[in-house]
Amino acid sequence: MSTQDTKGRIIKETFPSEVVSIIGDILAGIILTLLILPIFKSFLALILMIPALLSLRGNLSGPFIARTSRDLIIGDFSKRSWIENVLATFALAILTAIFIGILSLILDLFVFKLNILLIIHFFLIPLISITLTLSISIPFSTGLNYLAFIKGLNPNNVVSPIMTAVDDFSTVFCFFLTLIMLGVP
Amino acid sequence: MKYFIKIFKESIIIVILSSLIGLVSGSVLTSNEEILYTLPILLLILPAVNSLIGDMSTILVSRLTTHLYIGTIVPKFKSSKRIREDLIGLLITLLLSLAVLLILAYLIGVLSGVKIVNPFLMIGMISLTVLIIFFMLFLLLFISAIFLFKRGMDPNNFLIPFITSLADFLTPLFLIIFITIFI
């Protein structure tokens, strides 16, 4: 499949997905700027975590999508390989969340000295929001990968840009949901 | 659990490193907030610009990895028709997407009442930033993908986390440099 991709096919398959991605990202940016930041008193502390949480797309979801696409194209896709791929992604997500929590806490305590959030919040906010986001992203991207593959499109070209929009949007949404659930000030 | 262990082992360090880059880029952005506020529309579209570069890099890495696995490119540091097709295809997609992004940014600016200071300079700075980073990353990704593949590693596990974080860091940095120079 990928061997026959001309530049015309790359443009034809990638450009529409990229437009969806741009629109999704602009909307996510507007929601983040208008909904989350002005509502919560702790927004100065939350700002520390947001860039790292948004990088989740590239760190965890992106490689998961690329591995699934490659496995489909080279014929290595199976239930077992998919489950191991999912488990590895969740294991990495939990470690990343703990790492973001520790670093944000250190920055909060020793650099910015804000003292707005409880210590437990620094761990629970990234942990819950990353887990929720992946619970949306993984089934969605797998379905999209499979659909693109059986429709004869190259999943490498189509899935990543669409999932950028879905991931950024769901990251912002799950972040908002987590803050409400934990009663963050 | 071989696949699980391979993914976990190859990814853990780079994922932690990328999160660190993410926190550093957030700090760069925060400490240069005043410079970025000179062009308010820029803050609104910055996530989309980051995503555009990140998406193109991700597609490039996943395509390069697939080519290497199925043998449509040889793991050698030399140009080929396949690589040129990918470069031109992704470059044209990038330019078309950039045009859409700039049009949308202009419409949002007009609708929301956000002041668009010096629109031609803004278009120039954003376009230059996107193109410089795209060519830098293309070269870096091509060399790194072949290097990692030759060592028996999956380039997807290393390069996608690294490159998206690097793009998230470089985009505001280049924009801040251009704003400082031109405005």
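**Conventions.** I count residues from 1 along each chain as its sequence is written, with chains lettered from A in the order in which they are written. In this predicted model local features need pLDDT of at least 70 and side-chain atom pairs pLDDT 80 or more, while totals for chains, interfaces and linings use all residues; side-chain values use heavy atoms, without hydrogens and water.

**Confidence.** I looked up pLDDT (the predictor's confidence in each residue, from 0 to 100). Chain B has a mean of 85, with 93% of its residues at 70 or more. For the complex the predictor gives an ipTM of 0.81 and a pTM of 0.77.

**Extent.** I took contact as heavy atoms within 4.5 Å. Chain A gives 55 residues to the contact and chain B 56. I find about 4,900 Å² buried between the chains, 70% of it on carbon and sulfur atoms (accessible area, 1.4 Å probe, lost on putting the two parts together, summed over both). On the chain B side, B:Y3, B:L23 and B:R63 lose the most area to chain A, together 13% of what that side buries.

**Salt bridges.** I searched for a Lys or Arg side-chain nitrogen within 4 Å of an Asp or Glu carboxyl oxygen. The rule finds 2 salt bridges across the interface. B:D154 and A:R70 form a salt bridge through their side chains, at 2.2 Å, N to O.
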